[in-house]
Amino acid sequence: MQNSDIRKGDKVRFLNEVGGGLVTRVEGSLVYVEDEIGFEVPVALHEIVLIEKGEDPVGKSRKEAGGAESIETQPSLEVEANDDRDLIDPSQDDSNPRLYLAFTNPRGASPEGALQLFLVNDSNFQCLYLITQMGEDGLGTVLFNGRIQPNTKEQLDEISVINLDVNWQVQLLLFRKDKPHRLFDPVNVLMKIKARRFFKDNSFVVNDFFYEKAVMMPLVKNEMEKQIEKLTDSQTRGILRQKGDLQVKEMPRKMDKSPEVVEVDLHINELLDDVRGLSNAEMLKVQVDRFNAVMEEYGAHKGQKIVFIHGIGNGTLKHEVRRLLNSRYKNHNFQDASFREYGYGATMVII
């Protein structure tokens with residue numbers, strides 16, 4: 001039987017991964033399969049294997065309707081609870097699952113080179129994933145989908161660097177079958193990926209998942225990170241003091257390079273005396289609060305030039321500064337600061 005004969009109601013299994021289910025609909029070369037937990041997974045036609053034909057309107061299988069012998073009922077395709085038992089890590093914090101898109105660079109980043117794309121599941125949860133490329137028209141094209149087992153990584157593709165100016169909508173559903181667990185809301189996040197990121201110093205970092213350095217893009221935020229995003233400046237500083245009686249440095253009003261330029265260093269060690277016990281999200285919140293405070297302070301000083309030193313690092317702080325300038329402060333002009341003085345690590349804002 002050819003895959004082209006697959007119809008709604010047929011029972012199939014996935015060719016290259018664990019699982020399967022019943023076909024709910026077929027759209028061209030894309031087959032939608034409802035798995036054992038009721039999640040509808042889109043799968044390419046060539047990536048499934050037919051297990052059992054569904055019934056026609058009169059209650060017979062299509063093979064029976066054609067006069068052939070009936071097909072015996074196949075065993076259920078449910079994934080047994082102990083399928084991933086050997087993958088469970090008792091040391092994992094099940095309240096804080098971590099998943100990443102990761103790019104490795106085995107041959108060196110260049111416009112002609114290719115990066116290896118991985119999905120990394122650093123948790124005890126199975127994960128159903130769907131990654132869709134979003135077009136300028138708002139329509140999406142499915143790129144990758146499937147299931148990744150706990151505490152594993154899966155290579156999704158090899159992609160040319162110059163093809164990585166993309167917006168990917170990533171949807172994740174986490175669950176366990178071996179024991180009761182806390183339920184997590186489905187993840188639905190838009191990842192804006194820029195090719196230039198892969199040419200910057202320190203973009204590729206040492207990590208726990210690959211022998212080589214990689215660009216690690218987190219897909220799931222923990223509860224602390226979610227709450228930190230909602231906090232005001234005063235609330236953030238209160239939490240910082242509670243986490244070890246942190247002392248926030250008194251910030252100078254301004255450091256003039258010249259009468260026309262105000263220089264503000266956003267490096268975390270310039271803002272806090274002690275960063276022990278802080279997560280990356282908490283440190284980023286302090287830096288963004290400082291940026292907002294300076295922008296508000298000079299917001300009425302037309303023509304004022306402000307240089308924000310954010311460094312290069314992994315680009316997170318620079319990205320957040322540029323995002324705010326393009327949204328909250330879009331009435332002000334900005335550009336890269338002097339390369340001779342700051343390299344690629346500073347942005348100049350003109351009020």
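**Figure 1. Lining of the second largest pocket in the predicted model.** The second largest pocket is lined by 21 residues, and those nearest its centre are Glu17, Glu47, Tyr129, Asn145 and Glu154. A pocket is defined on a 1 Å grid over the protein atoms alone as an open set of points where a 1.4 Å probe fits, with protein on both sides within 12 Å along at least five of seven lines; a lining residue has an atom within 4 Å of a point. Two or more lining residues are given by each of β4 (40-44), β9 (140-148) and β10 (152-160). Strand β9 supplies the largest share, six residues. By type, the lining comprises 12 nonpolar, five polar and four charged residues (Ala, Val, Leu, Ile, Met, Phe, Trp, Tyr, Cys and Pro count as nonpolar, Asp, Glu, Lys and Arg as charged, and the others, Gly among them, as polar). The volume of this pocket is about 430 Å³, taken as the space filled by probe spheres set on grid points joined across faces, edges and corners.

**Figure 2. An open sheet of five strands.** The strand order is β4-β3-β2-β1-β5, and the pairing is antiparallel. Strands are DSSP runs of E with at least two residues, and helices are runs of H or I with at least four, numbered from the N terminus; two strands pair if DSSP finds at least two bridges between them. At the edges lie β4 and β5 (48-52), each of which pairs on one side only. From one strand to the next, the twist averages 45°.

**Figure 3. Strand β1 and its partners β2 and β5.** Three bridges join β1 (residues 11-14) to the antiparallel strand β2 (residues 20-27). Lys11 is bridged to Leu22 of β2, and Val12 to Gly21 of β2. These two strands form a hairpin with five residues between them, and Gly19 in the turn has a positive phi of about 120°. Four bridges pair β1 with β5, also in the antiparallel sense; here Arg13 has Val49 as its bridge partner.

**Figure 4. The crossing of helices α5 and α6.** The axes of α5 (residues 280-297) and α6 (residues 316-326) come within 11 Å and cross at roughly 35°. Axes are lines fitted to C-alpha atoms over the stretch in contact, with angles from 0 to 180 degrees between N-to-C directions. The contact residues (heavy atoms within 4.5 Å) include Phe291 of α5 and Leu324 of α6. They divide into eight nonpolar, three polar and one charged.

**Notes.** Residues are numbered from 1 along each chain as its sequence is written, and side-chain values use heavy atoms, leaving out hydrogens and water. In this predicted model, local features need pLDDT of at least 70 and side-chain atom pairs count only at pLDDT 80 or more, whereas totals for chains, interfaces and linings use all residues.
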